[in-house]
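Here is a short report for a first look at this structure. Keep the sequence and the 3D view open while reading.

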Amino acid sequence: MESRRAAQRKVMFHRTFIALRLGLLAALIAALPAFGSVLGTYEDRSTWNGLTTGIITDDFESLGLASGGYSFYNTSSGLTRGAINYVGIDGASYTMLAINPTSGDNYFGSGTMLRGADYYSGNTQYLQLTLPGVESVGFDLGSAFPNAIGIRIELSTGEFYIRTTENAPALSFWGVQSNTPISWIRIALEPVQGASPSQYSSIAVLDNVSYGSR
């Protein structure tokens, strides 16, 4: 009788142990980023537009900057425009500007844009867009650098991509659709793709940010 009880206790112990391990495994899987959630990326705005509904676009013109004007947003709160918050990370500090250039390296003929910090290889630098959990996002990218240059685009869903821009002063569109809501995107100059950014003189610029549903 006693040996039967011992055997039952042993079976119950093993069942409990297996259940705990399965529960832990399920929790770990749930905590992992949703790799493979991206349905497609696009380098043509008209194609992205045709696949996206309810598009909202911000060209930053309503900031009201005069020609040649600029505004600094050098805090952790950055700049909030509608449902999107923009922050410029620059090492341990924050650097982001809204600019409306009329000439010089920053001029792209696109009116008011956002720009990050001057590139410095010793700092972690990126522009972060915190989004309202949308499935489709697109924007125009460039760099105040004469040649085509790589820009890294990292998504909250775990994927990242490199978009090689056109030679300045042209802007290049990049868009994405996902079956998982995207809560943030980080944009940074990429030193190993295309022409290497020039220290202290290359900057990432961002304009015409659009989002919607797929």
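## An enclosed strand

Five of the seven residues of strand β10 (residues 149–155) are buried, so the strand is largely enclosed by the rest of the structure. Buried means under 20% relative accessible area, exposed means over 50%, and partly exposed lies in between (1.4 Å probe, protein chains only). Strands here are DSSP runs of E with at least two residues, helices are runs of H or I with at least four, and both are numbered from the N terminus.

The model is predicted: local features need pLDDT of at least 70, side-chain atom pairs count only at pLDDT 80 or more, and totals for chains, interfaces and linings use all residues. Residues are numbered from 1 along each chain as its sequence is written, and side-chain values use heavy atoms, with hydrogens and water left out.

## The partner of β10

Strand β10 runs antiparallel to strand β11 (residues 160–164), and five bridges join them. Two strands pair if DSSP finds at least two bridges between them. The hairpin of β10 and β11 has four residues between the strands. There, G158 takes a positive phi near 110°.

E154 is also found in β10. Is E154 buried or partly exposed? E154 is partly exposed, with a relative accessible area of 25%. Leaving out residues up to four places away in sequence, E154 touches E159, F160, W184, I185 and R186. Contact means heavy atoms within 4.5 Å. E154 and Y126 are 28 residues apart in sequence, and their C-alpha atoms are 9.9 Å apart in space.

## The protein as a whole

The protein has two helices and 13 strands. Its length is 214 residues, and buried residues make up 41% of them. Take the contacts with a separation of 6 or more: residues 24 or more positions apart account for 74% of these. The accessible surface comes to about 11,000 Å². Carbon and sulfur atoms hold 54% of that surface. Areas come from the Shrake-Rupley method with a 1.4 Å probe, and for residues only the protein chains shown count as cover.

## Salt bridges

Side chains of opposite charge can pair when their charged atoms come close. A salt bridge is a side-chain nitrogen of Lys or Arg within 4 Å of a carboxyl oxygen of Asp or Glu. How many salt bridges does this rule give? The count comes to five.

One of them joins R163 and E43, at 3.2 Å from N to O. R163 lies in strand β11 and E43 in the loop between β1 (38–42) and α2 (45–51), so the pair ties together parts that are 120 residues apart in sequence. R163 is buried, with a relative accessible area of 9%.

Another salt bridge links D140 and R45, at 3.4 Å from N to O. D140 lies in strand β9 (residues 125–143) and R45 in helix α2, so this pair ties together parts that are 95 residues apart in sequence. D140 counts as buried at 11% relative accessibility. R45 counts as partly exposed at 21%.

## R115 and D118

D118 forms a salt bridge with R115, and their closest N and O atoms are 2.6 Å apart. D118 is partly exposed, with a relative accessible area of 35%. R115 is buried, at 11%.

R115 sits in strand β8 (residues 113–115). Neighbours within four places in sequence aside, R115 is in contact with M96, L97, I99, N106, L127, I203, A204 and V205.

## A buried charge without a salt bridge

D90 is found in strand β5 (residues 84–90). D90 is buried yet has no salt bridge. Which side chain of opposite charge is nearest to D90? R115 is the nearest, 8.4 Å away. Lys and Arg count as positive, and Asp and Glu as negative; His and the chain ends are not counted.

D90 does have polar contacts. A polar contact is a pair of N or O atoms within 3.5 Å; within protein, one must be able to donate a hydrogen and the other to accept it, and residues adjacent in sequence count only if both atoms are side-chain atoms. The side chain of D90 makes one with the side chain of T95, at 3.1 Å. A polar contact of 2.8 Å joins the side chains of D90 and Q125. Beyond its neighbours within four places in sequence, D90 is in contact with T95, A117, N123, T124 and Q125.
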